Amino acid sequence: MSAEPTRRIVLLRHAKAEWADVDDHERPLADRGRKDAPVAGRWLAGSGIVPDLALCSTAARTRETWKLAVAELPQRPRTVYEDRLYEASLGELIAVVNETSDEVGDLLLIGHNPGTHALADALAGESEGDLLPRMNRSGFPTSAIAVLTFSGSWKSVEHGVGRLVAFWSPHA
């Protein structure tokens, strides 16, 4: 009998957005966001993280974040723009993750707070060193990345199943 595969879920919060006089869904990145998003992509590349699938919110700021970050990766993963990630609750985010095909080893979600932080916190049953308290103290700032590992099927993802193995923020 073979062991359950180890999978990674990578959570990227969109980069800093403008508070422009437009609908929230259409808010563009601020200058700082346009500088931080490629840095987040370089961190992913330097960590050896090349996701099999990227699920990105349809909001302008997440799409722009992903466009700038993915340009830094050695290869572009299959990307799906998912309406349900915009303003998603924790339960909705877990439902989206549960729908992921088991052919996917590493999944990247590009989304928003408070959902992204809530998902990282909920899935992290344990963490390496002080990563979990550090992530929670930070409030999961813009362009931050959390990496969690777990064993088993995506359908089995639920509270406490993961181990937080990395947390990074461009301004920490």
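Predicted model: local features only at pLDDT ≥ 70, side-chain atom pairs only at ≥ 80, totals over all residues.
Now widen the view to both helices. Helix α1 covers residues 31-46 and helix α2 covers residues 60-70; their axes come within 7 Å and cross at roughly 50 degrees. That angle makes α1 oblique to α2. Look at the handedness too: α1 passes α2 in a right-handed crossing.

**Next stop: α3 and α4**

Select helix α3, residues 90-98, together with α4. How close do the axes of α3 and α4 come? They come within 9 Å, and they cross at roughly 70 degrees. That makes α3 roughly perpendicular to α4. As for the sense of the crossing, α3 passes α4 in a right-handed one.

To see the contact itself, show the side chains of Leu-90, Leu-93, Ile-94 and Val-97 on α3, and bring up Gly-115, Thr-116, Ala-118, Leu-119 and Ala-122 on α4. Colour this contact by class and you get seven nonpolar residues, two polar ones and no charged ones.

Keep α4 on screen and select helix α5, residues 131-138. The two pack at an angle of about 160 degrees, with their axes 11 Å apart. α4 and α5 are therefore roughly antiparallel to each other. Here α4 passes α5 in a left-handed crossing.

Which residues meet in this pair? Pick His-117, Ala-120 and Asp-121 in α4, then Leu-132, Met-135 and Asn-136 in α5. By class, the contact of α4 with α5 has three nonpolar, two polar and one charged residues.

**Into the largest pocket**

Time for some empty space. Rolling a probe the size of a water molecule over the atoms shows where such space is left. The largest pocket has a volume of about 290 Å³.

Colouring the lining of the largest pocket by class gives 11 nonpolar, seven polar and six charged residues.

**The cavity**

How many cavities of 30 Å³ or more does a search of the whole structure find? There is one. About 40 Å³ of space lies in this largest cavity. Select Ile-9, Leu-123, Leu-148, Thr-149, Phe-150, Val-157, Val-161 and Gly-162 to show its lining.

Strand β6, residues 145-151, gives the largest share of that lining, with three residues. By class, the lining of the largest cavity has six nonpolar residues, two polar and no charged.

Before you zoom in on the last two spots, here is some background: most residues other than glycine have a negative phi, and most peptide bonds are trans.

Go to Pro-114, in the loop between β4 and α4. Is the peptide bond from Asn-113 to Pro-114 cis or trans? That bond is cis, with omega near 10 degrees.

Finish at Glu-87, which sits in the loop between β3 (78-82) and α3. Is the phi of Glu-87 positive or negative? Glu-87 is not a glycine, yet its phi is positive, at about 60 degrees.

Definitions and conventions:
Residues numbered from 1 in each chain as written. Heavy atoms only, no water. 1 Å grid on protein atoms, 1.4 Å probe; cavity = no way out; pocket = protein on both sides within 12 Å on 5 of 7 lines; lining within 4 Å. Points joined across faces, edges and corners; volume = space filled by probe spheres on them. Nonpolar A, V, L, I, M, F, W, Y, C, P; charged D, E, K, R; others polar. Axes fitted to C-alpha atoms, helices over the stretch in contact; angles between N-to-C directions. Helix = DSSP H or I, 4+ residues; strand = E, 2+ residues; numbered from the N terminus. Parallel < 35°, antiparallel > 145°, perpendicular 65-115°, else oblique. Left-handed = near helix turned anticlockwise from the far one by under 90°. Contact = heavy atoms within 4.5 Å.
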